Amino acid sequence: MELAYEQLLSMLVTMKIAPGAHIGIEALSRDLQISPTPIREALTLLEAQKLAYKIPNVGFRAADLLTGPEIDDLFEMRLLIEPKAAAFAALRSSQEHFDALTILSDNMARVAGGEETDYAQFAEGDARLHHLVAQASGNRFVAQTVEGLHVHLHIFRFLFRTNAPEQALQEHAAIVRALLARDADAAEGAMRDHLEASRQRMARALARHDVATPDREGSTPRRIDSSERCP
């Protein structure tokens, strides 16, 4: 099931399965050479993460993109939790977590500015970095909450390339330096600065493409085709 989950998550993140698209279990089973049972189990897990949903008598579909207001609400939640998690991590983290963060930062630097597949790796690495910081906080409820929040940004990041890898790398470096120095105040501030910068990058992407913003009639938001990706 773990392999099926990783494959499906990657397909959602990289838009091989488009937002709102039907997910055919039998077709996936043939394409991925994985039996239908672990694919169904993986889809159930993705449904719990709100990345897919099941329609009775129809099957699974990929979740739609987040709307603009939903993205703003998500960042408000992240700003409440993640800066303090970074402060806790600076004080509580084990050397093992520090080593993993350092390795991850180095790996992300190698794929920054690359091709589409490299960008997908960078986006996933960014999420992994935030998960590691949350885990290092020593509070499992914080770690579970952060992981649940981040899954909703994967597709948006890949579609609009909002990470700005060079800028994000500098922001990540500031977080890691503060953690390694066990400076709780600096870690909290660096994480807050990174989240605010990421929020601004998302907002600029929304403004450029008028993404998922309800019209004056309150009708269904406009969704962006994959051909409209940001450079």
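**Close-up views of a predicted model**

Figure 1. Apart from residues up to four places away in sequence, Arg-182 contacts Ala-89, Ala-90, Leu-91, Arg-92, Ser-93 and Phe-98. Arg-182 belongs to the loop between α9 and α10 (184–209). With a relative accessible area of 37%, Arg-182 is classed as partly exposed. The phi angle of Arg-182 is positive, at about 55 degrees, although the residue is not a glycine. Most residues other than glycine have a negative phi.

Figure 2. Glu-171 is a residue of helix α9, which covers residues 165–180. The relative accessibility of Glu-171 is 16%; because buried means under 20%, Glu-171 counts as buried. Its side chain forms a polar contact of 3.0 Å with the side chain of Arg-201. When residues up to four places away in sequence are set aside, Glu-171 touches His-194 and Ala-197 as well as Arg-201.

**Figure 3. Packing of helix α4 against helix α7.** Helix α4 spans residues 68–92 and helix α7 residues 140–150; their axes come within 11 Å and cross at roughly 145 degrees. The crossing of these two helices is left-handed. On the α4 side, the contact is formed by Leu-74, Met-77, Arg-78, Ile-81, Glu-82 and Ala-85, which meet Val-142, Thr-145, Val-146, Leu-149 and His-150 of α7. Sorted by class, the residues in the contact of α4 with α7 are seven nonpolar, two polar and two charged. An α-helix has 3.6 residues a turn, so residues three or four places apart point the same way.

**Figure 4. Packing of helix α2 against helix α3.** The axes of helix α2 (residues 25–32) and helix α3 (residues 36–48) are 9 Å apart, and the two helices pack at an angle of about 115 degrees. Their crossing is right-handed. From α2, Ile-25, Glu-26, Leu-28 and Ser-29 take part in the contact, and from α3, Pro-36, Ile-39, Arg-40 and Leu-43. Five nonpolar residues, one polar residue and two charged residues make up the contact of α2 with α3.

**Figure 5. Gln-33 in the loop between α2 and α3.** Gln-33 has a relative accessible area of 74% and is therefore exposed, the cut-off for this class being over 50%. Phi of Gln-33 is near 55 degrees, a positive value in a residue other than glycine.

**Figure 6. Helix α1 and the residue Met-15.** Helix α1 consists of 12 residues, 2–13, and extends 16 Å from its first C-alpha to its last, close to the 16 Å expected at 1.5 Å a residue. The buried residues of this helix are Ala-4, Tyr-5, Leu-8, Leu-9, Met-11, Leu-12 and Val-13. Met-15, which follows α1, has a positive phi near 70 degrees.

**Figure 7. The protein chain as context for the close-up views.** The secondary structure of the chain comprises 10 helices and three strands. From the N terminus, the order of elements is α-β-α-α-β-β-α-α-α-α-α-α-α. Of the 231 residues in the chain, 49% are buried. Among contacts between residues at least 6 apart in sequence, 73% join residues at least 24 apart.

Terms used:
Residues numbered from 1 in each chain as written. Predicted model: local features only at pLDDT ≥ 70, side-chain atom pairs only at ≥ 80, totals over all residues. Heavy atoms only, no water. Axes fitted to C-alpha atoms, helices over the stretch in contact; angles between N-to-C directions. Helix = DSSP H or I, 4+ residues; strand = E, 2+ residues; numbered from the N terminus. Left-handed = near helix turned anticlockwise from the far one by under 90°. Contact = heavy atoms within 4.5 Å. Nonpolar A, V, L, I, M, F, W, Y, C, P; charged D, E, K, R; others polar. Buried < 20%, exposed > 50% of the residue type's maximum accessible area, 1.4 Å probe, protein only. Polar contact = N/O pair within 3.5 Å; in protein donor to acceptor, adjacent residues only side chain to side chain. Expected span 1.5 Å × (residues − 1).
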